Amino acid sequence: MPSPALPPWATLAPPEHAALVRHEQALDALLARGPLAFIDYMGWALYDHECGYYAARAVFGAHGDYVTAPLLSAHMAEILARQWAAILADRKGAIMEVGSGNGQLAVDTLKALGRVGRLPDRYWMIERSAKRRDEAQSRVASEIPQWADRVSVVADWPDDEAVIIVANELLDALPAQRFRMREGRAHPLFVVRDDTGTLGVREGPADREMTAALADLALADGYESEILPGVDAFLQQASAHLGHGVILLIDYGFPRAEFYHPQRRQGTLMCHFRQHAHPDPLILPGLQDITVHVDFTAAARVARALGLDLAGYTSQGAFLLALGIGDDMPADERGALLARQAIKRLTLPHEMGEIFKVIAFSRGLDAPLQGFRLLDRSRALAL
């Protein structure tokens, strides 16, 4: 049976309510086997091929659940293309975009690179959702048919080597394991349904490996947060597919000391439904997005262990400004107004400019990346 009493902002249309009932029934079948580790619940709620948010719903844009930078305007892609053009001027190769969604960033990037004669040998869009892959294929066919032979839309990492690997708002949607500290030990949290039919969480036995990973933090009893093992796996794959080039990640997150700050006692997990952000991942399973912030210090340590160099870490606003966002404005008044509005949203600290961070890892790059020339916060990672 569905979880009781949804909040007022989560009023569902009949098809959505029917989907919620199906999802709850599928979840009950999983819970019948026993408590479900939170990381498995989050993976199911986001990626299950029948009930998962990204497989069945994933409503983006101003009238959807949330807005990503590439959907806001083409400025994000056009500015990123300046960084890619500088790299592609020195070496040939492929771009791989992981978590490419509906292809908007890829198409806008290729348009910008085409204008300056710096097209990659191939642009790989790697996207798990079949629905999003279909949307991306249609976008390529309708908007850049002249370069369709350079584009491949695939479900998994291809057998190829890249000079540029980019992921925008990917890591925050990787399944995370929630934990609660008790007597200096980390107890993973499990999803359960109690006798009243309500979903809740329960502590599991202390996890030795997780406790060791958090030992340097001295977290208080009752402190809850997340670890993101999927980031390690992603970086291992990215490193294996990178030649001499760069891995660039855009996401929201913090250095480790901020991620596990003593005052952040409930962790970083956040959910999105119809532009409403809230912290409860157990309502609306499969109908809402579930995200966590990224521990960029942990990511940098993994990258270093893989033999990659830290090429820079900064805010999205500083990165885009360093690459000259706003230098070329439309000539018409309305176009210039819309451009200024989009640029403010992308760069201002109280908008996306400070919330989102940019981190890059490189192998064999001869020159520093221009996007970090104004402000590089790499020292804040305390590696």
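## Exercises on rings, a helix and cores

R122 lies over the face of W124, 5.8 Å from the ring centre. The model is predicted: local features need pLDDT of at least 70, side-chain atom pairs count only at pLDDT 80 or more, and totals for chains, interfaces and linings use all residues. Residues are numbered from 1 along each chain as its sequence is written, and side-chain values use heavy atoms, with hydrogens and water left out.

**Exercise 1. Find the charge that lies over the face of F254.**

Step 1. Recall the test: NZ of Lys or CZ of Arg must be within 6 Å of the ring centre and within 35 degrees of the ring normal.
Step 2. R264 lies over F254, at 4.2 Å from the ring centre.

**Exercise 2. Classify the ring pair F259 and Y260.**

Step 1. Rings of Phe, Tyr and Trp (its six-membered ring) pair if their centres lie within 6.5 Å; planes under 30 degrees apart are stacked, over 60 edge-to-face, the rest tilted.
Step 2. The structure holds eleven such pairs.
Step 3. The centres of F259 and Y260 are 4.6 Å apart and the planes stand at 65°, so the pair is edge-to-face.
Step 4. Now check burial. Buried means under 20% relative accessible area, exposed over 50%, partly exposed in between (1.4 Å probe, protein chains only).
Step 5. F259 has 0% relative accessibility, so F259 is buried. Y260 has 6%, so Y260 is buried too.

**Exercise 3. Which residues touch the most other members of the largest nonpolar core?**

Step 1. A nonpolar core is a set of buried Ala, Val, Leu, Ile, Met, Phe, Trp, Tyr and Cys residues joined through side-chain atoms within 4.5 Å.
Step 2. The largest core has 64 residues; Y41, I165, F234 and L249 touch the most other members.
Step 3. Helix 2 (residues 38-47) gives the largest share, seven residues.
Step 4. A second, separate core of 43 residues includes L88, I95, L119 and L346.

How values were computed. Helix = DSSP H or I, 4+ residues; strand = E, 2+ residues; numbered from the N terminus.
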